[in-house]
Amino acid sequence: MKFSLAALVVVLALAHGSQAAQSPEVEKLAQYFQDLSAQLTSTTQELVQKMQSETFVEDGKAQLQQIQAQLAPLADNMQAQLKPLAENMQAQLKPLVDNFQAQMEDLFRKLMDQTKSLGQ
């Protein structure tokens with residue numbers, strides 16, 4: 001693509017230098033080729049930027065996958081260590097929660113009895 005742009009510039013330079021008095025059509029044609037060259041250059045730059053951004057995203061994904069692979073054993077290890085701790089805490093809290101629930105049920109039952117006695 002760079003070669004074709006360079007060839008186009010050379011052709012335009014030769015055409016421009018070889019004719020001392022250019023006609024309006026030739027000037028329009030030269031301007032058309034210059035505009036086309038500018039458009040090709042800008043499109044090429046946009047494509048390069050898009051390709052670089054896609055490469056950047058792919059590199060980021062690859063790095064995230066590597067980090068995930070490194071952290072997976074650590075997460076498994078932490079889970080293995082925390083599971084017995086959680087089970088122990090649950091075993092210790094269960095009697096307290098059961099006792100609290102029984103007290104709340106008893107309180108609620110007393111409250112209902114008092115409400116019934118007030119209503120009669």
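Modeller: We start with a definition. Buried means under 20% relative accessible area, exposed means over 50%, and partly exposed covers what lies in between (1.4 Å probe, protein chains only). The model is predicted, so local features need pLDDT of at least 70 and side-chain atom pairs pLDDT 80 or more, while totals for chains, interfaces and linings use all residues. Residues are numbered from 1 along each chain as its sequence is written, and side-chain values use heavy atoms, leaving out hydrogens and water.

Biologist: Why is Phe33 called partly exposed?

Modeller: Its relative accessible area is 27%.

Biologist: What makes Tyr32 and Phe33 an aromatic pair, and which kind is it?

Modeller: Rings of Phe, Tyr and Trp (its six-membered ring) pair if their centres lie within 6.5 Å; planes under 30 degrees apart are stacked, over 60 edge-to-face, and the rest tilted. The centres of Tyr32 and Phe33 are 5.8 Å apart, with 65 degrees between the planes. The pair is therefore edge-to-face. The structure holds one aromatic pair. Tyr32 is partly exposed too, at 48%.

Biologist: How many helices and strands does the protein have?

Modeller: It has two helices and zero strands. Both terms stand for DSSP runs, numbered from the N terminus: helices are H or I with at least four residues, strands E with at least two. Helix 2 covers residues 24-119.

Biologist: What makes Asp98 and Lys94 a salt bridge?

Modeller: A salt bridge needs a side-chain nitrogen of Lys or Arg within 4 Å of a carboxyl oxygen of Asp or Glu. The closest N and O atoms of Asp98 and Lys94 are 3.3 Å apart, so the pair qualifies. Both residues lie in helix 2, four residues apart, about one turn of the helix. An α-helix has 3.6 residues a turn, so residues three or four places apart point the same way.

Biologist: Which residues are linked in a network of salt bridges?

Modeller: Asp106, Arg109 and Lys110 are. Arg109 meets Asp106 at 3.5 Å, and Asp106 meets Lys110 at 3.6 Å, N to O. Each distance is within 4 Å, so each is a salt bridge. The whole structure holds three salt bridges.

Biologist: Why is Asp106 called partly exposed?

Modeller: Its relative accessible area is 31%. Arg109, at 45%, is partly exposed as well.

Biologist: Which residues make the nonpolar surface patch?

Modeller: Leu64, Ile67, Leu71, Leu74, Met78, Leu82, Leu85, Met89, Leu93, Leu96 and Val97 make a patch of about 1,100 Å². Patch residues have over 30% relative accessible area and no salt bridge; nonpolar side chains (Val, Leu, Ile, Met, Phe, Trp, Tyr) are joined within 5 Å, like charges within 9 Å.

Biologist: What is the accessible surface of the protein?

Modeller: About 10,800 Å², of which 63% belongs to carbon and sulfur atoms. Such areas come from the Shrake-Rupley method with a 1.4 Å probe; for residues, only the protein chains shown count as cover. Buried residues make up 3% of the 120 residues.
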